[in-house]
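Reader: Can you take me through the salt bridges in this one? Show me the structure before we start.

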Amino acid sequence: MKFSIIGTGAIGGFYGARLARAGHDVHFLLHSDYDFVAEHGLQVDSCDGSFHLQSPYIYRSTSDMPESDVVLVALKSVNNHLLPDLLRPLLHERTLVVLIQNGIGLEHDLQQHFPDLWLAAGLAFICSSKTEPGRISHQCYGSINFGNYSCKDEDLMSRTVEAFREAGIEANLVEYYQARWKKAVWNMPFNGMTVALHTQTDRLLANPVTERLIFEQMMEVIGAAQHLGVTGLDEEFAHKMIATTRVMTPYSPSMRLDYDFHRPMEIYYLYTRPIEEARAAGYDMPRLAMLEAELRFLSDV
């Protein structure tokens, strides 16, 4: 299969590089570090073993890239307005587009531009960052789940999962809505709280006051999901997410890095959209609504 990576950053760059190292045909869209990677290649510093791609297939524009069987979109969702133009040159009749992005409502909104496009969610469980050109730092974890949103070819979904497994990445097919909201259980508390309190994940859980607040925020997400008809989420899952985070390497999530580097934060799909959808279903998320307001204030400072 032919893969294209839209958003060669901490996540897209890591998964694309692993696929390429395993021998898959992978094509990378680059922006600010195109010249650097053209000269020096792409470096992945990983807890699972570092490696270097000396001459990956890189492009400045999707108009120069080949049509692809699978497109992995790892752009920040604040740039999703660019996707209609970015995707068109890459699509054939049976292309699968996987949105490896955080938030709720992403696939629904993109489907409005491409009614016949095959879409899936990519839910990455990974601590990875890219803070300099052509170098990705993968600290821990790395698995990815795929939730089918509108793909009519189950075999293509299975072959995509198998390609990731061949690259040494734990990958599974999961139910779409449950997977999106499960990811939100972690993302909504930790992304925003690390920004609002200017800290990392470990310190939030080391303090009993903020640990309790994180748990209460998680339960708001779980309550919202339940009101929207999502099954498989309960208090036990919140405790599991806290326990998993407690043993993680101290981590600055993507929103904290965006704030630190003065980039737009992904507030809409991570906060505004799920809060709106929950409210429409008759459920309020007061703690997370307050956090959303704080993030909007900080985004204007």
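Author: What follows is a short talk about charged pairs in this predicted model.

Reader: How many salt bridges does the count come to?

Author: The count comes to 20 salt bridges.

Reader: What does aspartate 45 form a salt bridge with?

Author: Its partner is arginine 135, with the closest N and O atoms 2.6 Å apart. The pair links distant parts of the chain: aspartate 45 is in strand E3 (residues 42-46) and arginine 135 in strand E9 (residues 135-148), 90 residues apart.

Reader: And how accessible is aspartate 45?

Author: Aspartate 45 has a relative accessible area of 24%, so it counts as partly exposed. Arginine 135 is partly exposed too, at 33%.

Reader: What is the relative accessibility of glutamate 211?

Author: It is 24%, which puts glutamate 211 in the partly exposed class. Arginine 246 is partly exposed as well, with a relative accessible area of 44%.

Reader: Which residue does arginine 279 pair with?

Author: Aspartate 284, in a salt bridge whose closest N and O atoms are 3.4 Å apart. Arginine 279 is partly exposed, its relative accessible area being 46%.

Reader: Last one: which residues do salt bridges with shared partners join into one network?

Author: Arg212, Glu216, Glu220 and Arg287 are joined that way.

Key
Residues are numbered from 1 along each chain as its sequence is written. This is a predicted model: local features need pLDDT of at least 70, side-chain atom pairs count only at pLDDT 80 or more; totals for chains, interfaces and linings use all residues. Side-chain values use heavy atoms; hydrogens and water are left out. A salt bridge is a side-chain nitrogen of Lys or Arg within 4 Å of a carboxyl oxygen of Asp or Glu. Helices (H or I, at least four residues) and strands (E, at least two) are DSSP runs, numbered from the N terminus. Buried means under 20% relative accessible area, exposed over 50%, partly exposed in between (1.4 Å probe, protein chains only).
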